[in-house]
Amino acid sequence: MSTPIATSVAAPAMVAPARRRHRAWHKFKRNRGAVFGAIVVLIFAILALFAPWIATHDPLQTSFMAIRKAPSAAMWLGSDELGRDIFSRLVYGARASLMAGVVSVLIALAVGVPFGLISGYFGGWTDSIISRATEALLAIPFLILAIALAAFLGPSLTNAMIAIGVSAAPNFVRLTRGQVLSITKEDYVQSARALGASDTRIICRHIFPNVMPPLIVQATITIATAIIAEASLSFLGLGLQPPTPSWGSMLNTAKNFMTQAPWMSIFPGAAIFLAVLGFNMLGDGLRDALDPRQEK
Amino acid sequence: MLKLILRRVLVAIPTLILVSMIVFGLQKILPGDPVLTLAGEERDPAVLDYLRDKYRLDDPLPMQYAAWVGQVLQGDLGRSLRTDVPVTTLIAQKLPVTLQLAVMAMFWALLIGIPAGILAAVKKGTKVEYGANVAALSGMSIPNFWLGILLIMLVSVQWRLLPASGYVPPSQDLWLSFKTMLMPSIVLSTALAAYLMRHTRSSMLEALNADYVRTARAKGVSPRGVVLRHALRNALMPIVTLVTLLFGELLAGAVLTEQVFTIPGFGKLIVDAVFNRDYAVVQGVVLVVAAGFIIMNLVADVLYILINPRLRHA
């Protein structure tokens, strides 16, 4: 360890975050995989945001003249069983997938982080109850819980996002709780307490900022999981309902035309794969950049 | 040690109770009058009254829960609302199919994931590690239903090598059973192999940096011996726990794999039940999966206590 040992409490707290952020950015930039992931994510974000300008056709426009046509100059990725343009449907499908990924992770964060903070900080009975409840939810496999919730709530994108968010929340409770437990023992938290800071102030000013980096990493990777989960639910018919395009439901129809129109299956699946790969690589890169334990 | 095991068993009980509450709670989030939803197309007042009475829907919630738990404890998970077959019978029929799929997938995952992880750790910084990492990332990111469709198109449709769907019990024709399950189990194993590879790699890297490995090297143990006898043994400890945890993932993944390959297993059961609005079956499957998972975790933890010398004397 070459970092100078801090002698005062205030100074490192003021300087360190900026320097650490700078170092993290530097590390991230040099990681080719991470940059690749970031670019892929960015491209999908642009597709989703500017879908109306990028799509070459109306994604819902059916055409009996163009049923299951192979990729061509007019329809880059071919057309589906109702003559709709697959490229345009993929572009609009990015909206559903990215929204599902981001919104369900936000739900998971909104539910998981407060419970994790309370559980780790206060301990005792509250901690036991929250921990047992987390274990109970974790005992039901992610997708099975999401399927059951989507089944009982009714199939729709909103319900799929709620189901995925709730199923992912326990992981965030665990992560936050573990982080809080280790941070509360740190000297700067002890000294803040000695100075008479309130619990709210300690949690918001001292603990929360230090829990952030691992949460960002976990959130990025969970977006990848959530995109697959949404695609899975849509593939099973429990997500976004037709005719609105979503990658999972496109695959669901495509599997009935495997022999006649393979392009109907290939492209939506490739889109899911690339988007998920992008978020996974971005998450890995962020972990390498933000995890102070890996600094030698 | 006995105290440790006993404490672990006791902790599992509240978790089981909470899971049962969650599963019971599922039916309470059904929108609208549950009796109308349960009855489906049926609107005969006599049937509605029968259902209301059967599920004690006029009782207070804790009473409903108590009655439900009482039945579950007697091994009664209710009957399918569509076919009137007991849910336990349905589960008992489908479970062996999914277990065969899951065990085969776990076998492939172990066969590929662990050696790949060891290799990646030993050959750190080389093309081998890079390749293994790329493969693991791809394995984690590929949606297994898409991989299934691609393989069917290639192996079954183009090459006509393996059957595209269906299920043959091993008792009927062992070889054919293996052939039909080969593709689905490989598809299901991809994500698992990827996780196992990544965990084995990081666990191995840690072990290779440990003092006892340096001591073994200094003593003149061959590089092969160091890796296999000293590092691997310790690195595999956390993997034992991971394998049981991943069994839950396997069951969830099986839902999609079974859908793609039309295998009449557990996953197909729950998906069909969802579409038939057969809520009793959905609840039953979720409860059995969760309870099985909790018990497997318990077994894994107890095993861990037993094989870990540091805990054996605690």
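Q: Which residues have the most contacts inside the largest nonpolar core?
A: Keep in mind that this is a predicted model. The largest nonpolar core in it takes in 165 residues. The ones with the most contacts inside that core are Ile144(A), Ala146(A), Ile147(A) and Ile227(A).

Q: Which element gives the largest share of this core?
A: The core runs to 165 residues. Its largest share is 17 residues, and they come from α4(A).

Q: What does Ala146(A) touch, not counting residues up to four places away in sequence?
A: Ala146(A) is among the residues with the most contacts inside the core. Leaving out residues up to four places away, its partners are Ala163(A), Ile164(A), Ser167(A), Ala229(A) and Leu233(A).

Q: Which residues of α9(A) does α6(A) meet?
A: From α6(A), the residues taking part are Phe142(A), Leu143(A), Ala146(A), Ile147(A) and Ala150(A). By class, this contact has seven nonpolar, one polar and no charged residues. On the α9(A) side you'll find Ala229(A), Ser232(A) and Leu233(A).

Q: Is the crossing of α6(A) and α9(A) left-handed or right-handed?
A: The angle here is about 50°, but handedness is a separate item. For α6(A) and α9(A), the crossing is right-handed.

Q: Is Ile118(A) buried or partly exposed?
A: Ile118(A) sits in helix α4 (residues 86-122) of chain A. A residue needs 20 or more C-beta neighbours within 10 Å to be buried, and 12 or fewer to be exposed. Ile118(A) has 18 inside 10 Å, so it counts as partly exposed.

Q: What is Ile118(A) in contact with, leaving aside neighbours within four places in sequence?
A: Ile118(A) belongs to helix α4 of chain A. Setting aside its neighbours within four places, its contacts are Thr126(A) and Ile130(A).

Q: How many residues of helix α8 of chain A are buried?
A: Helix α8 (residues 187-194) of chain A has eight residues, and it lies largely in the open because of its count of buried ones. After α8(A) comes Gly196(A), with a positive phi near 95°. As for buried residues in α8(A), the number is zero.

Q: Are α7(B) and α10(B) roughly parallel or roughly perpendicular?
A: Over in chain B, helix α7 (residues 144-158) and helix α10 (residues 223-260) have axes that come within 9 Å and cross at roughly 30°. Angles under 35 degrees count as roughly parallel. That crossing angle makes α7(B) and α10(B) roughly parallel.

Q: Which residues of α10(B) meet α7(B)?
A: The crossing of these two helices is right-handed. From α7(B) come Asn144(B), Phe145(B), Gly148(B) and Ile149(B). By class, the contact has four nonpolar, five polar and no charged residues. Their partners in α10(B) are Gly253(B), Leu256(B), Thr257(B), Gln259(B) and Val260(B).

Q: How many helices are there in chain A, and how many in chain B?
A: Neither chain has strands: the count is zero in chain A and zero in chain B. Buried residues make up 46% of the 296 residues in chain A, and 37% of the 314 residues of chain B count as buried. As for helices, chain A has eleven and chain B has 13.

Key:
Residues numbered from 1 in each chain as written. Chains lettered and ligands numbered in written order. Predicted model: local features only at pLDDT ≥ 70, side-chain atom pairs only at ≥ 80, totals over all residues. Axes fitted to C-alpha atoms, helices over the stretch in contact; angles between N-to-C directions. Helix = DSSP H or I, 4+ residues; strand = E, 2+ residues; numbered from the N terminus. Left-handed = near helix turned anticlockwise from the far one by under 90°. Contact = placed C-beta atoms within 7 Å. Nonpolar A, V, L, I, M, F, W, Y, C, P; charged D, E, K, R; others polar. Parallel < 35°, antiparallel > 145°, perpendicular 65-115°, else oblique. Core = buried A, V, L, I, M, F, W, Y, C linked by C-beta atoms within 7 Å.
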